[in-house]
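Hi,

Here is the structure I promised to pass on. Have a look at it first, and my notes on the pockets and the ligand follow below.

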Amino acid sequence: MTTEFKSGFVAIIGRPNVGKSTLLNRIVGEKIAIMSDKAQTTRNKIQGIYTTKEAQVVFIDTPGVHKPKNSLGDFMVKSAFSALREADAVWFVVDASKPRGAGDNFIIQRLKEIQDTPIYLIINKVDLIDKDQLFEVINSYQTDAPDWAEVFPISATEGDNVPELLENVVSHLKPGPQYFDADQLTDHPERFVIGELIREKVLQLTQQEVPHSVAVVIDNIERGDDDRLLIQASIIVERPTQKNIIIGKQGRMIKQIGTRARKDIEHLLGSPVYLETWVKVEPNWRDRPQALQSLGYRPEDY
Ligand SMILES: Nc1nc2c(ncn2[C@@H]2O[C@H](COP(=O)(O)OP(=O)(O)OP(=O)(O)O)[C@@H](O)[C@H]2O)c(=O)[nH]1
Ligand SMILES: [Mg+2]
């Protein structure tokens, strides 16, 4: 007897920095969504595709829900909530090492409006707490909350309980089509992932407002004579002072960003890469609709 193929969409939502993208990457087994210890790392919805012989799950990683301070932030939060509309199940991810806060409650209010879609409570970063604290953490999410379909304590970095979580979600899938090829890991083109990998290095190496003020555009990709891929990218910032920081003393910072990004891009593409970067100032781009549009933050993508 052959069993019918099953599929479905799972939205991953939560405050910034709780580990949503780390969880997505662990499930698909590749870095398709960038990660950092800075809040608001993810800016677009990113689909991560998990395929077996019997089933396909499309996970939708979303930007962390926060109080927007500019049009980019508005875009991010709207994108995050829009994923709920597409979902057959919702994973609400929280950080076990932080108390339930106003940000969690804001999302929970929205989750309470959802009907007929199972909502999982995923308590991430359990590696950071003592085992005997877990009960209290779980308890703190029981009042004034939806009826959780499942509660899963996990560690996205260590992998604890992630296979069990995945198995659980697959077991609840309904019969459905295979939306993507079995070897496809994300809905975004390579060009997007390459730009994100460069932005990840900026996030990891810079502080305060700089990481938030940066966007990356891939201007050109071509195969060189020596079989290396030549990739030309622009790093966009908002102010000349930020440009100086990105370039660094004697160009040391931009060199470090480039070296680290190149390694990741070579891993992604399986090809040697020559990466050329320019830093450009576009004042106030995070509040200019046209700039947002051209940098890939498009409301029609909600
Ligand atoms: N100790 C520990 N750290 C984790 C775990 N999961 C994620 N992190 C760390 O938490 C930080 C944030 O991870 P991300 O995956 O970027 O978080 P996010 O929820 O996608 O954040 P935004 O995109 O800003 O919404 C990174 O420094 C991760 O290494 C975990 O299970 N344990
Ligand atoms: Mg993220």
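Which helix gives the largest share of the lining of the largest pocket? That would be helix 6, with 5 residues. Before the rest, some housekeeping: this is a predicted model, where local features need pLDDT of at least 70 and side-chain atom pairs count only at pLDDT 80 or more, while totals for chains, interfaces and linings use all residues. Residues are numbered from 1 along each chain as its sequence is written, chains are lettered from A and ligands numbered from 1 in the order in which they are written, and side-chain values use heavy atoms, with hydrogens and water left out.

**The largest pocket**

A pocket here is an open set of points on a 1 Å grid over the protein atoms alone, where a 1.4 Å probe fits and protein lies on both sides within 12 Å along at least five of seven lines; lining residues have an atom within 4 Å of a point. The largest one holds about 560 Å³ of space (the volume filled by probe spheres set on the points, which are joined across faces, edges and corners). Its lining has 24 residues, with Asn44, His188, Phe192, Leu295 and Gly296 nearest the centre. Helix 2 (71–86), helix 6 (190–205) and strand 8 (215–223) each give at least two residues to that lining; helices (H or I, at least four residues) and strands (E, at least two) are DSSP runs, numbered from the N terminus.

**The ligand and its pocket**

Ligand 1 takes up the second largest pocket (more than half of its atoms lie within 2 Å of the grid points). About 330 Å³ of space lies in that pocket, and 23 residues line it, those closest to its centre being Asn17, Gly19, Lys20, Thr22 and Ser36.

Around ligand 1 itself there are 22 residues, the closest being Lys20, Thr22, Thr41, Thr42 and Asp127 (a heavy atom within 4 Å counts as near). Helix 1 (residues 20–28) brings the largest share of this shell, 3 residues.

As for polar contacts (pairs of N or O atoms within 3.5 Å), a ligand 1 oxygen is 3.0 Å from a polar backbone atom of Gly64. A nitrogen of ligand 1 lies 3.1 Å from a side-chain N or O atom of Asn124, and an oxygen is 3.1 Å from one in the side chain of Ser155.

Cheers

Notes:
Polar contact = N/O pair within 3.5 Å; in protein donor to acceptor, adjacent residues only side chain to side chain.
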